[in-house]
Amino acid sequence: MKITPVHCGSYEFAQTASQHAERGYVLLSFFGLEYMRLYTASGQLMYSLRKPDYPYLQLLPGNFRIDFSYSGQRKNWVAICDMEGVYWQEETREVVIDCDDCRLNVPIVLPLTMQRALKLEGVFQRITRLLQQQTPLNLFAARQLTTSLLAEFSCDTVDPGVTDPVQRFKNAIDADREYRQTLEELNAGTGLSLGHIRRLFVRQFLIDPGEYRARGRLQRILDLFLQTELTPKEIAAQVGMCHVTYLHRFLARHMGVSPGEIRRRY
């Protein structure tokens, strides 16, 4: 991995734009973001974010397109860098950092407390000053400071002062009683990639979020069978299944029974 900053500065004005970036970005955002959508060079959506209620640090490898809108209350910093050994991995939907002795998968967005964001703002301010007078010593110091920003992403935890995105994800799963949304859609408000939030979910609740959701769905199905007179077709519709055959398959996989057997047994 080699990170070389070429420009760093702050932005505090309203702006709506679509830009193609050849170089990588390290971005610190405090407030004012209305929406942001990131795309690969081929046009595939990488990530989207809308009106986050927390500061965040963002790592964007080079050669991407960004559509964004900031309000007049905007405040963010951007360090534009040449990045070697930092790239987007579609399979995990995370950024990969190739270090000398390891390969790290990190989230594209890292939620922050305001206290931590203010501390990192000081790093961006120093990089900005160093790049204004590009002596060999200043350029060396700017590279080291920018690399230190990437180190923020390498810890597989979430700042404890941030409203817990894992709990937010769990709450979104629990609230989707009709099972209309995918896990990726339910995760949209956390600011973390699905792969990253999945690992944190397992660490905190000792169960994969997909399995947790399946158990909740099963309990919902049983409640509807035992507490209502709904037909299997109607119950399937209540839990987001477009056809009753999906209900039969779900019950066979998770309980080894058919809908009729549930009514007879219970």
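A residue is called buried when its relative accessible area is under 20%, exposed when over 50%, and partly exposed in between (1.4 Å probe, protein chains only). The model is predicted, so local features need pLDDT of at least 70 and side-chain atom pairs count only at pLDDT 80 or more, whereas totals for chains, interfaces and linings use all residues. Residues are numbered from 1 along each chain as its sequence is written, and side-chain values use heavy atoms, with hydrogens and water left out.

**View A. Salt bridge between Glu211 and Arg215 in helix H6.** A salt bridge is a side-chain nitrogen of Lys or Arg within 4 Å of a carboxyl oxygen of Asp or Glu. Here the N to O distance is 3.2 Å. The two residues lie 4 residues apart in helix H6, and are therefore separated by about one helical turn. Arg215 is exposed, at 53% relative accessibility, while Glu211 is partly exposed, at 31%.

**View B. Salt bridge between Asp67 and Arg65.** The side chains meet at 3.0 Å, N to O. Asp67 is buried, with a relative accessible area of 11%, whereas Arg65 is partly exposed, at 30%.

**View C. Salt bridge between Glu178 and Arg180.** The closest N and O atoms are 3.5 Å apart. Glu178 is partly exposed, with a relative accessible area of 38%; Arg180 is exposed, at 53%. By the rule for salt bridges, the count comes to 12.
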